[in-house]
Amino acid sequence: MVSKAFSWKLTVILYVGLTLTVLSCSTTDDPAPTPEPGAELRAKLRSLNWGQDTCFVYGHKTPDVDAVTSALSYAKLMNLLGYNCKAKVSSPTNRETQYIAGLFGFGLPAIKTSVVPQTRLILTDHTDYAQCVDGAREAIILQKIDHHVEGDIADAGIPYVRREMVGSTNTIIYEMYNELGVNIDDEAARIMLAGIISDTRNLSKSTTCGIDSTAWLALSTQLGISRDSMRVINRRMEEAAYDYSGMTDAEIFLSDYKDYDISGHPIGFGSLVCKQAEMEAFITRMLAVMPEIMRQKGCQMLFSMISNLVPNTGSDKDENPYLYGGTYFIYYGEGTKEVAEAVFGASLREGVCYSVKNYSRKQIVPLITDVLPPLPDA
């Protein structure tokens, strides 16, 4: 017969064991589920009116490397998240873009010059309707990913806007890949790195930020490209950018050209590069073709910056034979002299100003906006 003492002990043991078992199965101490990377952004993207058709991703007209590659890298990101997006260009790509696409081995978007009403769009690297694909005003713009000051495509009218004043649009997209926890494969790395090299001139432009450098280093390291190789790639991209051989003067002027509507004024703005020894003759040629460009584009004012390349006499001259030595600024049209001189000081000669500072177009446009009086009905 079991003693009462033993029975009592057995009861206590069973009670304690049952209690421990219940406690060990309790969910109160379970770790909270790990939140999905970029949960808030993912929710925002899911809320967009995607529709059933393809959403096209466009950079600006007369696309440069950053415009083309940002459309490609962002379309790829959206596809990885499950959205039907395709990168397009609204006009042919330039020589620098073609060079780096060939070197890095990525395909370029097909040309689609216009879109029909209600087409869904994502815009990268621009924020002005004058630079958009034709038909954009009647399209549904779902997103804008950009690194310029706000233009006439107001941020407030677009469901999702990511606009940061960094050196390259691809830097913003690099941030978004990481925030969303999306793997950057080697193809995406090559595409984004190409845009960052070009738009920061290998981190040398004054618009370059710390996050540009972070993205540049991470992507080049992933791809196994050394710093020395990056310098060579950048130099060859530059050479391709200002290779104007076989082009008419009008084609040269328009090779990196953007339209703007500033305070109601339709403005054309080119961006060119020329060696110092050839500068005077080059400026004369560009001034001569500007009336034709103005008629062709229907703008009221026409400008172009010309980056001045001077011989590098430093110890690294073999790697970098030229350095940027100031900015020439040429102008044509009624009122342009007053605007140019308000920004750059007295003209060197009719149609030409100069600054020792190395400007980018992104920096000059806000300066023009500040000094250009708005039209009465603007």
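Predicted model: local features only at pLDDT ≥ 70, side-chain atom pairs only at ≥ 80, totals over all residues.
Visitor: Which residues of H2 are buried?
Guide: H2 covers residues 39-46, and Leu41, Arg42 and Leu45 are buried there. They sit on the same side of H2, because they cover an arc of only 100° around the axis.

Visitor: And what does the face turned away from that buried side carry?
Guide: That face of H2 carries the exposed residues Glu40 and Arg46.

Visitor: Okay, on to the sheet. In what order do the strands come?
Guide: The order is E3-E2-E1-E4-E5-E6, six strands in an open sheet with parallel pairing. Its edge strands are E3 (110-111) and E6, each of which pairs on one side only.

Visitor: How many bridges join E1 to E2?
Guide: Four bridges join E1 (residues 55-58) to E2 (residues 85-89), and the two strands run parallel. As an example, Tyr58 has Lys88 as its bridge partner in E2.

Visitor: Where does H5 lie?
Guide: H5 lies across E4 (120-124), E5 and E6, and runs at about 100° to E5.

Visitor: Let's talk cores. How many residues has the largest nonpolar core?
Guide: The largest nonpolar core has 51 residues. Those with the most contacts inside it are Trp50, Tyr74, Leu77, Met78, Cys85 and Phe104. Another core, of 26 residues, lies apart from it, and includes Tyr244, Val289, Tyr328 and Val352.

Visitor: What is Leu77 in contact with?
Guide: Beyond its neighbours within four places in sequence, Leu77 is in contact with Met176, Tyr177, Leu180 and Val182.

Visitor: And Leu80, what does that touch?
Guide: Leu80, found in helix H3, touches Tyr177, Val182 and Asn183, not counting residues up to four places away in sequence.

Visitor: Why does Leu80 count as partly exposed?
Guide: Because its relative accessibility is 48%, and partly exposed covers the range between under 20% for buried and over 50% for exposed.

Visitor: What separation do the C-alpha atoms of Leu80 and Pro291 have?
Guide: They are separated by 47 Å, with the two residues 211 apart along the chain.

Visitor: Last topic, aromatics. How many aromatic pairs does the structure hold?
Guide: There are 10 aromatic pairs in the structure.

Visitor: Which residues do ring pairs link into a cluster?
Guide: The cluster links Tyr260, Phe269, Phe303, Phe329, Phe344 and Tyr359.

Notes:
Residues numbered from 1 in each chain as written. Heavy atoms only, no water. Core = buried A, V, L, I, M, F, W, Y, C linked by side-chain atoms within 4.5 Å. Buried < 20%, exposed > 50% of the residue type's maximum accessible area, 1.4 Å probe, protein only. Contact = heavy atoms within 4.5 Å. Arc of directions from axis to C-beta. Pairing = 2+ DSSP bridges. Axes fitted to C-alpha atoms, helices over the stretch in contact; angles between N-to-C directions. Phe/Tyr/Trp six-rings, centres within 6.5 Å; stacked < 30°, edge-to-face > 60°.
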